[in-house]
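Biologist: I'd like to learn how to read a model like this one. Please take me through it feature by feature.

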Amino acid sequence: MKGWLGRISLTAVSYAVLYVALRRFDFEPHAVPLLLLVILMLLVWWLVRDALDAPPAEWDVGTSAPFQPPGQDVVLSGYLRLLESHMASRQPEHALRRRLLVLGRTRLETRLGMPADDLTSDNELGPEWAALRRDPDRHLSAAEIDRLLTRIEDL
């Protein structure tokens, strides 16, 4: 029996047969509780049958990095050490400059499909980028780093 009409008719027939059988054997059934019992039994039956008819679950277990508590993310802590080292040093850190240049060029090439030559990158990323690219011994302030990263993210 398919659909709701079939299920309702099966419930009605089951209830009628059960009620008549109980009356015939002198059990004096109560109509409403018996109807609720028949409905409950059929609902459980349909739930189990539908669950068994469903295709088996396929779990896609992707490989990902293991959970790290806050503050122990390897990539984030590497960037944080790089920034702290740059801010604490008296001489400019070339590692931060290299990382920013690679990040900007990669972003230009992947997002805009532009070659990361000097003129294009200067036009797209602004004067701070041009100053960073031209002067390797420049010490960047936190505000300059923030503006550079914001500009790169906005591409």
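Biologist: Let's start with Asp26: is that residue buried or exposed?

Modeller: The general idea is a set of cut-offs on relative accessible area: buried is under 20%, exposed is over 50%, and partly exposed is in between, using a 1.4 Å probe and protein chains only. Asp26 comes out at 66%, so it counts as exposed. One thing to keep in mind is that this is a predicted model, where local features need pLDDT of at least 70, side-chain atom pairs count only at pLDDT 80 or more, and totals for chains, interfaces and linings use all residues. Residues are numbered from 1 along each chain as its sequence is written, and side-chain values use heavy atoms, with hydrogens and water left out.

Biologist: Where does Asp26 sit, and what is its phi near?

Modeller: As a general point, most residues other than glycine have a negative phi. Asp26 has a positive one, near 60°, and it lies in the loop between H1 and H2. Glu28 is in the loop between H1 and H2 too, with a positive phi near 50°. Glu28 is exposed because its relative accessible area is 60%.

Biologist: You just used helix numbers. How many helices and strands are there?

Modeller: Helices and strands are DSSP runs numbered from the N terminus: a helix is H or I over at least four residues, a strand is E over at least two. Here you get seven helices and zero strands. Read from the N terminus, the order is α-α-α-α-α-α-α.

Biologist: What share of the 155 residues is buried?

Modeller: Buried residues account for 22% of the 155.

Biologist: And which residues make most contacts inside the largest nonpolar core?

Modeller: A nonpolar core is a set of buried Ala, Val, Leu, Ile, Met, Phe, Trp, Tyr and Cys residues joined through side-chain atoms within 4.5 Å. The largest one has 13 residues, and those with the most contacts inside it are Leu96, Leu100, Leu125, Trp129, Leu132, Leu140 and Leu148. Helices H4 (94-112), H6 (127-134) and H7 (142-153) each give it at least two residues, and H4 has the largest share, with four. Apart from that core lies another of five residues, including Tyr15, Val38, Leu42 and Trp46.

Biologist: What is Leu140 in contact with?

Modeller: Contact simply means heavy atoms within 4.5 Å. Leaving aside neighbours within four places in sequence, Leu140 touches His86, Met87, Leu96, Leu100, Leu132, Ile145 and Leu148.

Biologist: Which residues are buried in H6?

Modeller: A handy rule: an α-helix has 3.6 residues a turn, so residues three or four places apart point the same way. In H6 the buried residues are Trp129, Ala130, Leu132 and Arg133. They are on the same side of H6 because they cover an arc of only 165° around the axis, the arc being that of the directions from the helix axis to the C-beta atoms. Pro127 and Arg134, on the other side of H6, are exposed.

Biologist: How many salt bridges are there?

Modeller: The rule asks for a side-chain nitrogen of Lys or Arg within 4 Å of a carboxyl oxygen of Asp or Glu. That gives one salt bridge. It pairs Asp50 with Arg7, whose closest N and O atoms are 3.7 Å apart. The pair links distant parts of the chain, with Asp50 in H2 and Arg7 in H1 (residues 3-24), 43 residues apart. Asp50 counts as partly exposed because its relative accessibility is 38%.

Biologist: Which residues form the nonpolar patch on the surface?

Modeller: Patches take residues with over 30% relative accessible area and no salt bridge; like charges are joined within 9 Å, and nonpolar side chains (Val, Leu, Ile, Met, Phe, Trp, Tyr) within 5 Å. Here Val32, Leu35, Leu36, Ile39 and Leu43 form a nonpolar patch, with about 430 Å² of accessible area together. Leu43 belongs to H2 (residues 31-53) and is partly exposed, with a relative accessible area of 47%.

Notes: Areas by Shrake-Rupley, 256 points an atom, 1.4 Å probe, with all protein chains shown as cover.
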